[in-house]
Amino acid sequence: MKAKIERAMRKVLFGINITADGYCSHTDGIADEELHKYFTELLRNADIILYGRITYELMVPYWPDVAKNQSETESVNEFARVFDSLDKVLFSTTVKHVDDKNTRIVHSNIAEEVIALKQQKGKDICIGSLSIASQLSERGLIDEYHFVVHPVIAGKGPRLFETVKLQERLMLDFIGSKTFQSGAVALQYRKRT
Amino acid sequence: MGSLTLFMHISLDGFAAGPNGEMNWIHVDDEIFDHGGERIFKTDTALYGRKTYQLMESYWPTAAEQPNPTKHAIEHSRWYKVAKKVVLSRTMEDKNLANTQVISGNLVEEINKLKQSTEKEILLFGSPSAGHALMEADLIDNYWFNLNPVLVGKGIPVFKDVKTKANLSLTENKVFSSGVICLYYTRKK
């Protein structure tokens, strides 16, 4: 198992829930068991997850608390446990301290940090924030995109890649999909090389 | 009563075209045309914005008469000529064109009349500006996307001016060999 991990190239992966009209509000998707299981599996293949302040504060301490108290359904608790076990990097120039023992605060350049992380051995690197995914997409540093498209027209919210400034179009290669009972579809793409 | 479907080639980041109308990132091939034809040829009403209509009108009536027409050109040209064409435009005049109606105002009333006039699907082809007006008035019943594996970054969005959240049912979901995905959604009533 160890040899297998070392053989596989460490990927930078961005997984995100979006509505059919391209919004990423946390409250508009269909957060059922299948969805939690999907993201749990995604995180199982990772050992670190990168956040900006806003999304970080939505996730921590909420999920570590669920992991500790096991207060939800089994699939949600399992997601919380896997989430809690990962190292987190919080990119922020204003946050000086957090209580979470697995979190490291980084003030420096995001792209440089990701390039450095990719040189190190390890499992996948997950991106947790839209803003970070936008910046890394601009630099072509995301290897895999997983869009889980929910059957909802939200009409409002943060838009996927709203702030992105691409030098040119980013072409992706489709690698697979999974359709959920809810009508959500997970679409997996790899950066075209 | 018929229903109104927005049919659009769309990028992963939700654009219908680039900032200057660029659409050269849209992938089409025989597989996609044949699949689209299955739905298109079941109906007989096409809806367009003015710009898209003018583009279509300059091409489809004679597309089958060009040298070496493709199967798609022959089939869609034949369909286009007999289909009822409805154009949303504030400026275009209704010049007694065959099979063509111009809607220049009273959008809700006119579209509802159109829906009542048929039992079939009314297809809005592309036409992002017309799409925005129809979304704003909450008149779209189904969404049919060919989702292209590309991040365009900026351009003309497919969705704009949506006023109310809507829950959808995914009724079709097909992966083409090119990596384009067909997603067909129907609004939950």
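Me: How much area do chain A and chain B bury between them, and what share of it is on carbon and sulfur atoms?

Reply: Good place to start! The size of an interface is often given as the accessible area lost when the parts come together. Here chain A and chain B bury about 2400 Å² between them, 64% of it on carbon and sulfur atoms; buried area is the accessible area (1.4 Å probe) that two parts lose on being put together, summed over both. Please keep in mind that this is a predicted model, in which local features need pLDDT of at least 70, side-chain atom pairs count only at pLDDT 80 or more, and totals for chains, interfaces and linings use all residues. Residues are numbered from 1 along each chain as its sequence is written, chains are lettered from A and ligands numbered from 1 in the order in which they are written, and side-chain values use heavy atoms, leaving out hydrogens and water.

Me: How many residues does each chain bring to the contact?

Reply: Chain A brings 28 residues and chain B brings 29 residues, with contact meaning heavy atoms within 4.5 Å.

Me: How many salt bridges does the rule find across the interface of chain A and chain B?

Reply: Side chains of opposite charge can pair when their charged atoms come close. The rule asks for a side-chain nitrogen of Lys or Arg within 4 Å of a carboxyl oxygen of Asp or Glu. Across this interface it finds 1 salt bridge, and Asp28(A) meets Lys165(B) in a salt bridge through their side chains, at 3.0 Å from N to O.

Me: Which elements give two or more residues to the side of chain A that touches chain B?

Reply: They are strand 6 (144-150), strand 7 (152-153), strand 8 (170-179) and strand 9 (185-191) of chain A. Strands (E, at least two residues) and helices (H or I, at least four) are DSSP runs, numbered from the N terminus. Strand 8 gives the most to that side, with 6 residues. The residues on this side of chain A divide into 19 nonpolar, 5 polar and 4 charged, where Ala, Val, Leu, Ile, Met, Phe, Trp, Tyr, Cys and Pro count as nonpolar, Asp, Glu, Lys and Arg as charged, and the others, Gly among them, as polar.

Me: Now to a helix. Which residues in helix 6 of chain A are buried?

Reply: An α-helix has 3.6 residues a turn, so residues three or four places apart point the same way. In helix 6 (residues 110-119) of chain A, the buried residues are Ile110(A), Ala111(A), Glu113(A), Val114(A) and Leu117(A). Seen down the axis of helix 6, these buried residues fall within an arc of 160 degrees, so they line one face of the helix; the arc is that of the directions from the helix axis to the C-beta atoms. Buried means under 20% relative accessible area, exposed over 50%, and partly exposed in between (1.4 Å probe, protein chains only). On the face turned away from the buried side you will find the exposed residues Glu112(A) and Gln119(A).

Me: What covers the buried residues of helix 6, and which residue caps its N-terminal end?

Reply: The cover includes strand 1 (12-19), strand 2 (46-52) and helix 7 (130-138) of chain A, among others. The cap is Asn109(A), with a side-chain oxygen 2.9 Å from the backbone nitrogen of Ala111(A).

Me: Is His150(A) buried or exposed?

Reply: His150(A) counts as buried, at 1% relative accessibility. His150(A) sits in strand 6 of chain A, and its side chain makes a polar contact with the side chain of Asn17(A) at 2.9 Å. A polar contact is a pair of N or O atoms within 3.5 Å; within protein, one must be able to donate a hydrogen and the other to accept it, and residues adjacent in sequence count only if both atoms are side-chain atoms.

Me: Where is the cis peptide bond that involves Pro61(A)?

Reply: Look at the bond from Val60(A) to Pro61(A), which is cis with omega near 10 degrees. Pro61(A) lies in the loop between helix 3 (53-59) and helix 4 (62-69) of chain A.

Me: Which residues are linked with Arg81(A) in a network of salt bridges?

Reply: Glu41(A), Arg44(A), Glu74(A) and Glu78(A) are linked with Arg81(A) in that network. Arg81(A) and Glu78(A) have their closest N and O atoms 2.4 Å apart, and they are 3 residues apart in helix 5 (residues 74-85) of chain A, about one helical turn.
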